Amino acid sequence: MPRNYIPILIFITLAFLFPIVTLAILRWVRPSVPHKAKLSPYECGVDPVYQPRERYTVRYYIVAILFVVFDVETVFLFPWAIRYDVLGLFGLMEMLVFLGILIVGFVWLWKQGALEWV
Amino acid sequence: MFNQYFQPNDILIIYPELLLALFAMGVMIIDLFLDRAWKVLNAFTALVGIAYAAYALYRLKSNALNLSGYNHAILNDSFAIYFQFVFLIATALVILISARYLSIEGENRGDYYALILLSLIGMNFMVMGIDLITLYIALELMAVSEYILVGYLRTNRQSNEAAMKFFLLGAFSSGILLYGISLLYGISGSTDLRVIAQRLAERPSHDPIALVAVVTLTAGLLFKIGGVPFHQWLPDAYEGAPSTITTFISVAPKAASFALILRIFIVGLKPLETSWVPVLSVVCVLTMTLGNITAISQSNIKRLLAYSSIAHAGYLLLGLIAGNEYGITGIAIYFLVYAFMNIGIWTLVVAMRRKDLIGDQIQDMAGMIYKNPGAAVLMLVFLLSLAGIPPTAGFIGKYYLFASVIQTHHYVLAVIAVLNAAISLYYYFRVVVVMFMSEKTDEEKMTLSPGVLTSLAVTLVFTLLIGIYPEPFIRFAQNSLSLFQ
Amino acid sequence: MEFFNSYILTLLILTPVVGALVLALLNKEKAETLRRTAFGFGLLTFVFSLHLVARFSSGQSGFQFAENHAWIPAYGIRYHVGVDGISLWLVILATFLTVVSILASWKGIEKRVKEFFIFILLLEAGMIGVFLSLDLFLFYVFWEVMLVPMYFLIGIWGHGRRIYAAVKFIIYTAVGSALMLVAILSLYFLNARATGVYTFDFPIWLNNIASNRLWIDPHIQNWLFLAFFASFAIKVPIFPLHTWLPDAHTEAPTAGSVLLAGVLLKMGTYGLLRFNVQLFPEATRTFTPFIITLAIIGIIYGALVAMVQPDLKRMVAYSSVSHLGFVVLGIFVFNMQGVEGAIYQMLNHGISTGGLFLIVGMIYERRHTREIAEFGGLATPMPRLATCFMIITLSSIGLPLLNGFVGEFLILVGGFGASIARAKLYTSLAATGVVWGAVYMLWMYQRVMLGEVTHEANKSLPDLSGREKWVLVPLILLALWMGIYPQFFLRKMDASVSRLLNPPIVMMVQK
């Protein structure tokens, strides 16, 4: 049983080693000439005027969440569509229940005014 | 092909939960068409849903014994049904007291009830599931609903802070729990608790991996019941959350988490008993002692009750450590009792919330006997019950738990537990002193809404009835013994 | 009458409860009605309890008037009550002192009258229940139930540091009773393991122990004995667990002190006699020297500390520690005289110390102080009170022809005849307690009552009112009766006590 996992172990070791080794080699190989312009956020652009961390309007999150919900929906829809003939009636019913719940939530959000963001 | 995934019988098993889900969605939709003045109808809708679900559950109980479904992922045995009844009772009582409180706070919306119902569904699956994946999803359904409910007062900073703490620590603990689950799966190649038990029994008794799995599972689960050292979130969450939600999370989710623990430890991890009993014994002693001692110095009634609830989790762990029939019946009856006495006392805390008075300092209750003698006497009964003084229901619960550890010869634990119960008298009676022996500081009387009155009447009657004539309730609680089958 | 005979014990427990419920329904403004109702129910309970005396058959050693019903059959918990020669007089004492303390609170309690009498009646129900229970679970329930009313009596109507005293009282007692619960449950499972029967029934346990079906390892016995002992010793209180007592007694209202000293302390000694001694014979043998030593320390220590108290009530409280030491000594000498003397002394203490607290209460009502230094020469304005006080003081000291003498005498006789090591030394030491008692009591009486009136405020104190006479006279009559004709009381104890002292013990439960 543990023997089957040896490739994974090798893979993990390699995955860890690769960035460490590369970075180490690069640090050793590259020239290091720091100066002010090089250390600024945009080396060849204008200096930043204000902090890049900024508050977004909260509505943005609602849109994002709405997007995630329907994103997940498609994640379920695609496999179901591909295996439709195997799953048959059962699959259809399940999917209808799923969509039904989503639609209730969507209607609720709509009525709450979540879609009126202007 | 059809039968491979699904059998018509499956729908039957989860019929009460399906009803609850329908009502949860229904409340949200109906709420959209209600005027401000009619929001109280939401509570009615939710109550109807619960009544309907209770009826369905009752039919289920009388129809068959062990209902297994969904490829053995769900087992609706009498243990599960018993706890579902406890949840239904607790939820119904909480909904009764919510309507008035929400309108005072100005947050009277339908999604509150929908979330409570969803959380109830999660809890129901937590006691029905016998497969780790199902259990985990159920746990998350319950927990996510609670996170939102704790932060339900959007404009209240304290409520938001509580929700944030609760959410972060909750998510963290879920992660640890999931880690334990994955280890168990790695060891046994299955997520079915019964299969896990078989596999574990075949392994050497001091298996380090199994031990790590036990430790992580214990840590994750202890968080949910507020066991020391995973209890820090609890007082903050209890204090910050809307009082009605505190009422709710101090009873139903706690019972659900405990039922989950019972299922995992008694069914799945039984072969590892020698490794988890010592761990839990230490946790149990710490939980009782720390809960009680910290409660002594609290001046806020919500925090006091929060620490007392930590201590109660400690007493409940006694039943699990004993792990015998007395212990399981003890936990089962204790939660029934706890549902009544704790909701009773929290109902009074909720009722003290008036227009301009938060009413959560112990000092706010000064001279309550002069202003609201009825409420003061009720409070006394519930406090006595929490302290475990006969002839209240709390005594019966404590009696079972203490008896269970004595039966398994854990005498030291039993002595520590009873001494803790004696310590707890000190702070419960501190509240009594303020209510009965201090002069009143203001003239403001409580006004009790019909919902609060109903809830108080029910909790009082059962707190006394279970204490004086416990026989039928014990028989009812013995349903939970199907856990051993 | 048949009905009365078979349900008299339940009636005794329920009458005060019904009284409390009736009071709860009455208007709280009508103080006089409330007092009368409470008095009526108290008197009714007392009359019912006299029925016990009338119908009690002295020759029987077992429990009489027994009632035995299933309560929680799932775990063999029963409602089993009965009375025997040991508990009979204690029940009467409880009902009698309740009537007395209701009368005594007529004027002293002016605020929250309704609740006061409700708590007194509930306390009475609890006390009677403790003495009657034969099922250990039931016993524990009553034992705990009693705490709550007493807590309120001290906490609401007490003086000075009343809340501190009330909390101290309840925590001490709760710690003790918590340990007892562990021991009761352990016995329950030990018995079930040995005999296969799950029961809390005391006579059945005794039978099993006597017939050796339930044999408890001496090591375990010691622990169980100590757990029970902790609970009872706190209640008695046996030195060094007595520290709650002076606070509770001093701060409690008069009625509370009377019931606390008169009845509640007796539950401790009753428990020792009924449960410790009978359930754990081997452990009792092991611990007897230890307990006797503590009892003697208590006798002497209590007396010495009482002597120097500046507070009248505190002095009486410490004298209780001393007197209860005698009772414990009497129990642990294990012969007829000793044990009967102990039971008798329990009754005496109830009457004489109850009386002392009543008189201190009456003086306090007049002067609102209890400092001995504030008094002096009170006999001049209050001759009648002084007479009553004298008689009760003498009864407490143990003057022949008064009740205290009989009890102390029997205990000392028992002590000298005891078949335990160094019995004579122990008893001689205890006997000095009698002398100390005489010293501090008489000295106190002299300072309070005799001599010139030194304080202006004391000159015009009113003498006993009619009601107060009604309170004190029955006590004095009883003290005389018990001193002159003790046989009336002792006769009813004989059978039960000799059965207790002569194993093998086979309990016959009379239906």
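Chain B has 485 residues, and a compact globule of that length would have a radius of gyration near 23 Å; chain B has 22 Å, which agrees. That radius is taken over C-alpha atoms, and the globule rule is 2.2 Å times the number of residues to the power 0.38. This is a predicted model, in which local features need pLDDT of at least 70 and side-chain atom pairs count only at pLDDT 80 or more, while totals for chains, interfaces and linings use all residues. Residues are numbered from 1 along each chain as its sequence is written, and chains are lettered from A and ligands numbered from 1 in the order in which they are written.

Staying with chain B, its C-alpha atoms fill a box of roughly 70 × 55 × 40 Å along the principal axes. Chain B holds 21 helices and two strands. Helices here are DSSP runs of H or I with at least four residues, strands are runs of E with at least two, and both are numbered from the N terminus. Of the 485 residues, 58% count as buried. Buried means 20 or more other C-beta atoms within 10 Å of the residue's own, exposed means 12 or fewer, and partly exposed is in between, with C-beta atoms placed from the backbone. For contacts in chain B with a separation of 6 or more, 81% are between residues 24 or more positions apart. A contact means that the C-beta atoms of two residues, placed from the backbone, lie within 7 Å.

Now one residue in chain B. Is B:Arg36 buried or exposed? B:Arg36 has 7 C-beta neighbours inside 10 Å, so it counts as exposed. B:Arg36 sits in the loop between helix 3 (15–32) and helix 4 (40–63) of chain B. From B:Arg36 to B:Asn108 the C-alpha to C-alpha distance is 8.2 Å, although 72 residues separate them in sequence.

Next, helix packing. Two packed helices are described by the angle between their axes and the distance between the axes. In chain B, take helix 6 (residues 110–128) and helix 7 (residues 132–150): their axes come within 8 Å and cross at roughly 155 degrees. Axes are lines fitted to C-alpha atoms, for helices over the stretch in contact, and angles run from 0 to 180 degrees between N-to-C directions. Helix 6 and helix 7 of chain B are therefore roughly antiparallel to each other. The cut-offs are under 35 degrees for roughly parallel, over 145 for roughly antiparallel, 65 to 115 for roughly perpendicular, and oblique for the rest. Helix 6 of chain B passes helix 7 of chain B in a left-handed crossing; left-handed means that the near helix is turned anticlockwise from the far one by less than a right angle, and right-handed means clockwise. Residues that meet there include B:Leu115, B:Ile116 and B:Leu118 from helix 6 of chain B, and B:Thr134, B:Leu135 and B:Ala138 from helix 7 of chain B. By class, the residues of this contact are 14 nonpolar, four polar and one charged. Ala, Val, Leu, Ile, Met, Phe, Trp, Tyr, Cys and Pro count as nonpolar, Asp, Glu, Lys and Arg as charged, and the others, Gly among them, as polar.

On to chain C. Chain C has 19 helices and two strands, and 61% of its 511 residues are buried. Its C-alpha trace spans about 75 × 55 × 40 Å along the principal axes. In chain C, helix 14 (residues 336–367) and helix 16 (residues 403–416) pack at an angle of about 155 degrees, with their axes 8 Å apart. This crossing is left-handed. Among the residues making the contact are C:Gln337 and C:Gly338 of helix 14 of chain C, and C:Asn403 and C:Gly404 of helix 16 of chain C. What classes of residue does this contact have? It has seven nonpolar, 11 polar and two charged residues.

Chain A is next. Chain A has four helices and zero strands. A compact globule of 118 residues would have a radius of gyration near 13 Å, but chain A has 26 Å. Of those 118 residues, 1% count as buried.

Last, the interfaces. Between chain B and chain C, 24 residues of chain B are in contact with 23 residues of chain C. Helix 19 of chain B gives the largest share of the chain B side, 12 residues. That side divides into 21 nonpolar, one polar and two charged residues. Toward chain A, eight residues of chain B are in contact with eight residues of chain A. Helix 3 of chain B gives the most to that side of chain B, with four residues. The side of chain B that touches chain A has eight nonpolar, no polar and no charged residues.
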